[in-house]
Amino acid sequence: MAIAVQIKGNAFNMVFNLKVFRALGKEWGLPGLPEVMQRVALIEQIEAGNFEVYDVLYDLLFQALDCCPENQIKISKEEI
């Protein structure tokens, strides 16, 4: 199930599937799903204002957009 969002006037869908978490594992240099999920769990500490937490959230949102095959327009990380 995709989540619809609007970014700069364009409609995008986000998915949170295994492809997203595999892409995050590759990007972060982590060996498996448990390590990726442990890092994603840092988002729960968003109120601390730590830049590492924002980087994790940023990467997760980008991969959720980039890995969705329904998105015909691609977006860069800088546009999010």
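Leu-57 is partly exposed, at a relative accessible area of 25% (buried is under 20%, exposed over 50%, partly exposed in between; 1.4 Å probe, protein chains only). This is a predicted model, where local features need pLDDT of at least 70, side-chain atom pairs count only at pLDDT 80 or more, and totals for chains, interfaces and linings use all residues. Residues are numbered from 1 along each chain as its sequence is written, and side-chain values use heavy atoms, leaving out hydrogens and water.

**Exercise 1.** Place Leu-57 in the fold and list its contacts beyond four places in sequence.

*Solution.* 
- Step 1: Leu-57 belongs to helix α3 (helices are DSSP runs of H or I, at least four residues; strands are runs of E, at least two; both are numbered from the N terminus).
- Step 2: With neighbours within four places set aside, Leu-57 touches Ile-43 and Ile-46 (contact means heavy atoms within 4.5 Å).
- Step 3: Turn to Val-20, which is 37 residues from Leu-57 in sequence; their C-alpha atoms are 13 Å apart.

**Exercise 2.** Find which residues Lys-77 pairs with through salt bridges.

*Solution.* 
- Step 1: Begin with the idea that side chains of opposite charge can pair when their charged atoms come close.
- Step 2: Searching the whole structure gives 3 salt bridges (a side-chain nitrogen of Lys or Arg within 4 Å of a carboxyl oxygen of Asp or Glu).
- Step 3: One of them joins Lys-77 to Glu-27, at 2.6 Å from N to O. Glu-27 is in helix α1 (residues 18-28) and Lys-77 in the segment after α3, so this pair ties together parts 50 residues apart in sequence.
- Step 4: Lys-77 also bridges to Asp-59, with the closest N and O atoms 3.2 Å apart. Asp-59 lies in helix α3 and Lys-77 in the segment after α3, so here the parts tied together are 18 residues apart in sequence.
- Step 5: Put together, Glu-27, Asp-59 and Lys-77 form a linked network of salt bridges.

**Exercise 3.** Is Asp-59 buried or exposed, and what does Asp-59 touch?

*Solution.* 
- Step 1: Asp-59 sits in helix α3, which covers residues 51-66.
- Step 2: Its relative accessibility is 10%, so Asp-59 counts as buried. Glu-27, at 34%, is partly exposed.
- Step 3: Apart from neighbours within four places in sequence, Asp-59 contacts Leu-24, Glu-27, Trp-28 and Lys-77.

**Exercise 4.** Describe the salt bridge between Lys-74 and Asp-66.

*Solution.* 
- Step 1: The closest N and O atoms of Lys-74 and Asp-66 are 3.8 Å apart.
- Step 2: Lys-74 is exposed at 52% relative accessibility, whereas Asp-66 is partly exposed at 30%.
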